[in-house]
Amino acid sequence: MKHTRASIVAGACLMLAGVPVLAHHAFQAEFDANRPVTLRGTVTKMEWINPHAWIHIDVKEADGKITSWMIEAGTPNTLYRRGFTKDSLAPGSVIVVQGYQAKNGSNHANGRDVTLPDGRTLFMGSSGTGAPGDKPEKKPGG
Amino acid sequence: MTSRSVARFVAGACLAAGVCLVPLRLPAQAPAPPGSAAPAAARPAAAKARPAAKPAARGWTVPRTADGKPDLQGLWTNATVTPLERPDGAKEFATQEELAALEKRGNRDEQARADAERGTPAAAGGDTTAAPARRSAIGDYNAIWWELGKKALENSRSSIIIGPSGKLPHTPETVQRLAANREYERLHPADGPEFRDNIERCLAWITSGPPMLPTFYNNTYKIYQTANTVAILVEMIHDVRLIHLDGAAHSSPAVRQWMGDSRGHWEGDTLVVETVNINSKRGYIGGGGGRSGIAPNNDKMKVTERFTRTAADTITYQFTVENPSIYTGPWSGEIPMKATDEPLYEYACHEGNYAMHDILSGARADEAAAAKGKEKK
């Protein structure tokens with residue numbers, strides 16, 4: 001962790017020197033870096049709202065119990081520019097979310113990475129951003 | 001350091017890095033008129049391919065409104081990977097190689113591709129305990145959430161701030177006050193919503209300024225113009241700046257607004273805007289979004305901005321900030337704002353601000369845990 005934090009500081013200073021904090025809100029104020037979660041769930045709703053969109057998913061636990069989670073995404077404005085819309089993750093879509101649980105212990109987590117069941121990581125395809133609907137002209141031959 | 005204080009530490013570390021090296025006396029450098037190149041001696045040969053400010057393109061004439069003034073209207077972006085303050089050791093103007101490296105480092109799409117090449121995390125479900133296979137270097141958000149732009153400033157400068165140091169010229173007293181603020185924030189991380197940043201509270205962003213500075217995303221501006229008013233619609237956070245051109249005096253200093261009171265006039269083809277009466281709750285530029293620690297004294301703060309249409313796709317935006325209560329002297333910056341065909345989207349900042357609830361309740365959970373003498377894993 002120590003090394004990771006040092007990297008975070010160095011990287012952030014390098015690139016965000018003109019920026020006062022790390023997101024609309026400071027990640028570390030809302031989420032607990034010591035509570036990483038990996039959630040496989042079914043999308044029930046997309047809240048297309050600022051300052052952050054939220055993806056609602058139902059997660060089936062090992063004992064069969066269904067637990068509802070809310071996953072914090074980015075600002076809709078930026079997502080929309082990248083070709084991601086409110087309808088990109090339709091209810092019923094299955095996704096895997098890797099992120100961190102809220103410090104308050106609720107079933108809120110940030111969506112650090114969102115992956116489809118076949119292993120494709122949402123947004124991070126081989127051309128452009130990989131976002132649904134993204135124009136594939138960003139990479140030669142892509 | 002607790003892990004959740006890392007974010008704040010980053011801001012503090014950046015700030016400290018900035019303030020520690022600031023010379024106590026900084027010669028003021030006003031922005032040069034757009035189109036004038038930097039002194040040849042100050043510019044490496046490699047940077048010459050990217051002029052400091054584009055002179056008017058051949059065959060291009062400044063578009064004008066019906067009353068003959070330069071037409072600033074349209075959609076513009078100030079997104080850039082160039083930092084506000086000059087990195088330590090960097091020269092005022094970067095070489096082509098340095099600019100390319102800066103763009104590669106700052107480009108979130110590049111990072112996303114690098115992440116993808118390293119392999120995606122296992123997609124097995126149901127496990128709520130496994131640590132993510134990799135971690136982001138930035139606030140633990142995937143690159144997709146960011147939109148800082150892909151390019152360094154086309155004026156080839158290594159920082160938005162111009163001048164010999166490229167740093168914010170904080171006075172020694174300001175350095176002490178900022179340190180005191182960090183300590184205050186450490187002791188009162190989230191006592192109530194008023195203890196959080198203005199940006200988290202959807203009150204004010206650095207994008208609306210003045211000066212108008214780029215942020216993580218949504219760096220889009222739409223300018224509307226009449227003979228007596230220029231209005232700037234700022235995507236973050238749904239702000240509108242009204243710049244009055246009617247020659248009237250500034251409003252009473254008793255009235256302090258988040259974006260101050262802006263009055264403009266034309267100097268040749270440059271719109272010059274002077275802003276005073278800025279609310280002290282705005283916080284320090286480059287020093288946090290403004291929390292309820294020790295607010296800066298903005299009584300004498302004055303921001304002078306210059307908007308010059310220098311190409312079909314460029315407004316050269318220059319600014320000078322004066323505040324003897326905070327700075328050893330005036331400091332200036334320059335951003336070529338680029339035309340964009342991206343629409344400006346509504347950013348209704350508080351329509352779903354779950355984060356504030358989570359932050360406050362998270363702090364209460366921390367306090368309860370501390371009271372029980374328990375340490376979270």
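Student: Two strands pair if DSSP finds at least two bridges between them. With that in hand, how many bridges join S6(B) to S7(B)?

Tutor: Six, and the strands run antiparallel. S7 covers residues 302–311 of chain B. This is a predicted model, by the way.

Student: Which residue stands opposite Val272(B) in S7(B)?

Tutor: Arg306(B) does. Val272(B) itself belongs to the uncovered face of S6(B), along with Thr270(B), Glu274(B) and Val276(B).

Student: And which residues make the covered face of S6(B)?

Tutor: Leu271(B), Val273(B) and Thr275(B). Val273(B) is also the bridge partner of Gly264(B).

Student: How do S5(B) and S6(B) pair, parallel or antiparallel?

Tutor: Antiparallel, over seven bridges. S5 takes in residues 261–267, S6 residues 270–276. Their hairpin has two residues between the strands. Gly268(B) has a positive phi there, near 65°.

Student: Switching to S1(B). What does S1(B) pair with?

Tutor: One partner is S2(B), residues 220–225, antiparallel over four bridges. In that pair Trp76(B) stands opposite Tyr221(B). S9(B), residues 331–339, also pairs with S1(B), antiparallel over two bridges. There Thr77(B) stands opposite Lys338(B).

Student: Helix next. What length does H4(B) reach?

Tutor: H4(B) has 16 residues, 172–187. From first C-alpha to last it reaches 23 Å, close to the 22 Å expected at 1.5 Å a residue.

Student: Which of its residues are buried?

Tutor: Thr174(B), Arg177(B), Leu178(B), Asn181(B), Arg182(B) and Glu185(B). Down the axis of H4(B), these buried residues fall within an arc of 145°, so they line one face of the helix.

Student: What's exposed on the other side of H4(B)?

Tutor: Pro172(B), Glu173(B), Ala180(B), Glu183(B), Arg186(B) and Leu187(B).

Student: Where does Ile199(B) sit?

Tutor: In the loop between H4 and S2 of chain B.

Student: Buried or exposed, and why?

Tutor: Buried, because Ile199(B) has 28 C-beta neighbours inside 10 Å, and the cut-off is 20 or more.

Student: Last topic, chain A. What's the element order?

Tutor: From the N terminus, α-α-β-β-β-α-β-β-β. That is three helices and six strands.

Student: How much of chain A is buried?

Tutor: 51% of its 142 residues. As for contacts in chain A between residues at least 6 apart in sequence, 47% join residues at least 24 apart.

Technical notes. Residues are numbered from 1 along each chain as its sequence is written. Chains are lettered from A and ligands numbered from 1 in the order in which they are written. This is a predicted model: local features need pLDDT of at least 70, side-chain atom pairs count only at pLDDT 80 or more; totals for chains, interfaces and linings use all residues. The expected span of a helix is 1.5 Å times one less than its number of residues. A residue is buried if 20 or more other C-beta atoms lie within 10 Å of its own, exposed if 12 or fewer, and partly exposed in between; C-beta atoms are placed from the backbone. The arc is that of the directions from the helix axis to the C-beta atoms. Two residues are in contact if their C-beta atoms, placed from the backbone, lie within 7 Å.
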